[in-house]
Amino acid sequence: MPADLHPLLNACLNATSAVLLYLGWRAIRRGQRSRHRTLMIAAFASSSVFLASYLLRFAISGTTKYVGSGGDKVAYLVILFSHMVLAMAVVPMALRGLWLAHTQQFDRHRRLMRVAWPIWMYVSVTGVVVYLMLYHVGPALQ
């Protein structure tokens with residue numbers, strides 16, 4: 001895969017996760033448990049493929065420096081830092097949430113996911129925002 005397509009692939013995987021998370025949330029709000037289950041497993045799979053792809057890209061090419069400066073760089077760094085910290089936090093929560101649902105501990109699953117879902121959604125959406133800022137906004141401001 002050409003190196004310049006790898007970040008785009010990762011952004012698409014994050015966007016896919018966000019869409020699946022939203023559709024899964026909507027399905028459970030409508031009482032569609034089977035659809036919810038399928039969508040949330042797909043969201044987890046998409047996020048997992050993203051993580052593997054990101055780690056591979058990082059191992060191959062290292063970090064990419066943001067080329068902007070001033071307020072846009074500050075905004076980028078705030079978004080990036082919050083994204084990274086929350087991404088590390090959401091992994092065990094998502095795994096635990098899947099386990100609780102699998103073992104039919106739905107009350108505990110629901111309590112955990114009320115906290116984990118918005119974090120997971122934030123991480124997925126800000127993954128796309130980081131991509132846009134790093135590869136499009138920053139360079140456009142130069």
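This report describes the fold, surface, aromatic contacts and selected residues of a predicted model.

## Basis

In this predicted model, local features need pLDDT of at least 70 and side-chain atom pairs count only at pLDDT 80 or more, while totals for chains, interfaces and linings use all residues. Residues are numbered from 1 along each chain as its sequence is written, and side-chain values use heavy atoms, with hydrogens and water left out.

## Overall fold

The protein has four helices and zero strands, taken as DSSP runs numbered from the N terminus (H or I of at least four residues for helices, E of at least two for strands). The order of elements from the N terminus is α-α-α-α. The C-alpha trace spans about 50 × 35 × 25 Å along its principal axes.

Of the 142 residues, 35% count as buried; buried means under 20% relative accessible area, exposed over 50%, and partly exposed in between (1.4 Å probe, protein chains only). Contacts are heavy atoms within 4.5 Å. Among contacts between residues at least 6 apart in sequence, 71% join residues at least 24 apart. The accessible surface comes to about 8700 Å², with 69% of it belonging to carbon and sulfur atoms; areas come from the Shrake-Rupley method with a 1.4 Å probe, and for residues only the protein chains shown count as cover.

## Nonpolar patch

Leu51, Tyr54, Leu55, Phe58, Val91 and Leu95 form a nonpolar patch on the surface, with about 510 Å² of accessible area together. Patches are made of residues with over 30% relative accessible area and no salt bridge, with nonpolar side chains (Val, Leu, Ile, Met, Phe, Trp, Tyr) joined within 5 Å and like charges within 9 Å. Helices α2 (33-61) and α3 (71-102) each supply at least two residues of the patch, and the largest share, four residues, comes from α2. Valine 91 lies in α3 and is partly exposed, at 40% relative accessibility.

## Aromatic rings

Rings of Phe, Tyr and Trp (its six-membered ring) pair if their centres lie within 6.5 Å; planes under 30 degrees apart count as stacked, over 60 as edge-to-face and the rest as tilted. The count by this rule is six aromatic pairs. Tyrosine 54 and phenylalanine 58 are stacked, because their ring centres are 6.3 Å apart and their planes are at 20°. Both residues lie in α2, four residues apart, about one turn of the helix. Tyrosine 54 is partly exposed at 31% relative accessible area, and phenylalanine 58 is partly exposed at 38%.

Ring pairs also link Tyr22, Trp25 and Trp117 into a cluster. Arginine 33 lies over the face of phenylalanine 106, at 5.5 Å from the ring centre; the criterion is NZ of Lys or CZ of Arg within 6 Å of the ring centre and within 35 degrees of the ring normal.

## Salt bridge

A search of the whole structure finds one salt bridge, defined as a side-chain nitrogen of Lys or Arg within 4 Å of a carboxyl oxygen of Asp or Glu. Aspartate 107 and arginine 110 form a salt bridge at 2.6 Å, N to O. These residues are three apart in helix α4 (residues 106-140), and therefore separated by about one helical turn. Arginine 110 is partly exposed, at 38% relative accessibility.

Asparagine 10 lies in helix α1 (residues 5-29) and is buried, with a relative accessible area of 4%. Leaving out residues up to four places away in sequence, asparagine 10 touches Phe50, Ser53, Tyr54 and Arg57.

Methionine 121, in α4, is buried at 16%. With residues up to four places away in sequence not counted, methionine 121 touches Ala18, Leu21 and Tyr22.
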